[in-house]
Amino acid sequence: MVYGLKNPYIWVMNTILAFLRQLEANNNKSWFDAHKGEYLKARAHFNAIVEKLIDGIAGFDPSVKGVGIKESTYRIYKDMRFSKDGLPYKTHFGAFICRGGRKSGYSGYYFHIGTGSGEDYPCRSFLAVGNYFMEPKVLKLLREDIELGGGDFDRIIKGLHPSLSLDQDQKLKRAPLGFDAAGQYIEYIKLKNFCLSGTFDDSNLDIAGILDAFKSAKPFLDYINRAIEYSREEEV
């Protein structure tokens, strides 16, 4: 981190993005091995941002206290069994901050810095909250909660930071079986992904602004994790 600058994260972000762009243009093992030091420097900068975010999130969501970098970040190496383009490295850094770590099965806060090309996500840098793929039993519980909740989910959505919005991808065209197609909250019930997303300016990283967005989404996250907890209790 370069201190003394008005926003030291500008230099940090430039360093991270410069490496990722070079990797995008040279996505092969020989180049990566020759530039391993640059990768380690970029990863260290990213991890420092994630540590700052974990500390900030823990201030309003105590469930993430004690979660570390290893439990939150992902490897840059692709699993070649699922690499459609055959390239060995991701061109982004990502972190999923949630209770118990990213493998816990709970929903959480996602932070992403990347070039936005190839197999990567369409946005170069973005935030997300929730979980993109819901287990059927959790999805059913969420839909029932929304239908019977008297508008509590609607109030949560209306209280979100303006930078965040509901992911409409794969939304059903018709009401799912067992739900009233004329119900007041049917458009929420049609959702398949209970996830919020939004972009941020990676040329002038505003940690406080990102934390404000995440804080506004905590009730949304609590709503989802309550359904996950209940589904696990039913299994016992």
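Start with β1 and β2, which run antiparallel and are joined by 6 bridges. Within that pairing, Gly94 sits opposite His112 of β2. This is a predicted model, where local features need pLDDT of at least 70, side-chain atom pairs count only at pLDDT 80 or more, and totals for chains, interfaces and linings use all residues. Numbering starts from 1 along each chain as its sequence is written, and side-chain values use heavy atoms, with hydrogens and water left out.

Zooming out, the open sheet has 5 strands in the order β1-β2-β3-β5-β4, with antiparallel pairing (two strands pair if DSSP finds at least two bridges between them; strands are DSSP runs of E, at least two residues, and helices runs of H or I, at least four, numbered from the N terminus). β1 and β4 (165–166) stand at the edges with a single partner strand each, so one side of each has no neighbour in the sheet.

Now for α1, which lies across β1 and β2 and runs at about 65° to β2 (axes are lines fitted to C-alpha atoms, for helices over the stretch in contact, with angles from 0 to 180 degrees between N-to-C directions; contact means heavy atoms within 4.5 Å). Its buried residues (under 20% relative accessible area, 1.4 Å probe, protein chains only) are Tyr9, Val12, Met13, Ile16, Leu17, Phe19, Leu20 and Leu23. They cover an arc of only 155° around the axis, which puts them on the same side of α1 (the arc is that of the directions from the helix axis to the C-beta atoms).

Finally, Ile49: beyond neighbours within four places in sequence, Ile49 is in contact with residues including Tyr9, Ile16 and Phe111.

Methods. Buried < 20%, exposed > 50% of the residue type's maximum accessible area, 1.4 Å probe, protein only.
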